[in-house]
Amino acid sequence: MNQPSYYIKDGLSPIDAFKQGLISKDEFIGFCKGNIIKYVVRCQYKDNSVKDLDKAMDYIKLLKEVI
């Protein structure tokens, strides 16, 4: 997943922190599902729909890793 540098603090991004146990596995699954839904639903209203669909795919990949 492409994570911009501004998300990284002390060498750790929020996604990496979540994966390492900052939140539970069930919470991480919910986080991924919520972001998938968000990006798919709003893509048609954005100038670059493909970018949002790519972000949804990133979260689908994360979800597959966890499940």
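Biologist: How many aromatic pairs are there?
Modeller: The count comes to 5 aromatic pairs. Keep in mind that this is a predicted model. One of the pairs is Phe 18 with Phe 31, and that pair is edge-to-face. The ring centres are 5.1 Å apart, with 80° between the planes.

Biologist: Where do Phe 18 and Phe 31 sit in the chain?
Modeller: In distant parts of it. Phe 18 belongs to helix α1, residues 14-22. Phe 31 belongs to helix α2, residues 25-42. They are 13 residues apart.

Biologist: Is Phe 18 buried or exposed, and why?
Modeller: Phe 18 counts as buried because its relative accessibility is 17%, and the cut-off for buried is under 20%.

Biologist: And what does Phe 31 count as?
Modeller: Partly exposed, because its relative accessibility is 27%. Phe 31 also pairs with Phe 28. Those ring centres are 6.2 Å apart and the planes meet at 25°, so this pair is stacked.

Biologist: Why does 25° make it stacked?
Modeller: Because planes under 30 degrees apart count as stacked, and the rings of Phe 28 and Phe 31 are at 25°.

Biologist: Where is Phe 28, then?
Modeller: Phe 28 lies in helix α2, and so does Phe 31. They are 3 residues apart, about one turn of the helix. Phe 28 is buried, at 3% relative accessibility.

Biologist: Which residues do the ring pairs link into a cluster?
Modeller: Phe 18, Phe 28, Phe 31, Tyr 39 and Tyr 59.

Biologist: Let's zoom out. How many helices and strands does the protein have?
Modeller: It has 3 helices and 0 strands. Along the sequence the pattern reads α-α-α.

Biologist: How do α2 and α3 pack?
Modeller: At an angle of about 160°, with their axes 8 Å apart. Helix α3 covers residues 49-66. The two helices are therefore roughly antiparallel. α2 passes α3 in a left-handed crossing.

Biologist: Which residues meet there?
Modeller: From α2, the list includes Phe 28, Phe 31, Asn 35, Ile 36 and Tyr 39. From α3, it includes Asp 52, Lys 55, Ala 56, Tyr 59 and Leu 63. By class, the contact of α2 with α3 has 14 nonpolar, 1 polar and 5 charged residues.

Biologist: Tell me about Asn 35. Buried or exposed?
Modeller: Asn 35 is buried, at 9% relative accessibility. It is found in helix α2. Its C-alpha atom is 8.5 Å from that of Lys 55.

Biologist: What about Asp 52? Where does it lie?
Modeller: In helix α3. Asp 52 is buried, with a relative accessible area of 2%.

Biologist: Which residues does Asp 52 touch?
Modeller: Tyr 39, Arg 42, Cys 43 and Lys 46, leaving aside residues up to four places away in sequence. Tyr 39 is also part of the ring cluster.

Biologist: Last topic, the whole chain. What share of the protein do buried residues make up?
Modeller: They make up 24% of its 67 residues.

Biologist: And what share of the contacts comes from residues 24 or more positions apart?
Modeller: 47%, taken among contacts with a separation of 6 or more.

How values were computed:
Residues numbered from 1 in each chain as written. Predicted model: local features only at pLDDT ≥ 70, side-chain atom pairs only at ≥ 80, totals over all residues. Heavy atoms only, no water. Phe/Tyr/Trp six-rings, centres within 6.5 Å; stacked < 30°, edge-to-face > 60°. Helix = DSSP H or I, 4+ residues; strand = E, 2+ residues; numbered from the N terminus. Buried < 20%, exposed > 50% of the residue type's maximum accessible area, 1.4 Å probe, protein only. Axes fitted to C-alpha atoms, helices over the stretch in contact; angles between N-to-C directions. Parallel < 35°, antiparallel > 145°, perpendicular 65-115°, else oblique. Left-handed = near helix turned anticlockwise from the far one by under 90°. Contact = heavy atoms within 4.5 Å. Nonpolar A, V, L, I, M, F, W, Y, C, P; charged D, E, K, R; others polar.
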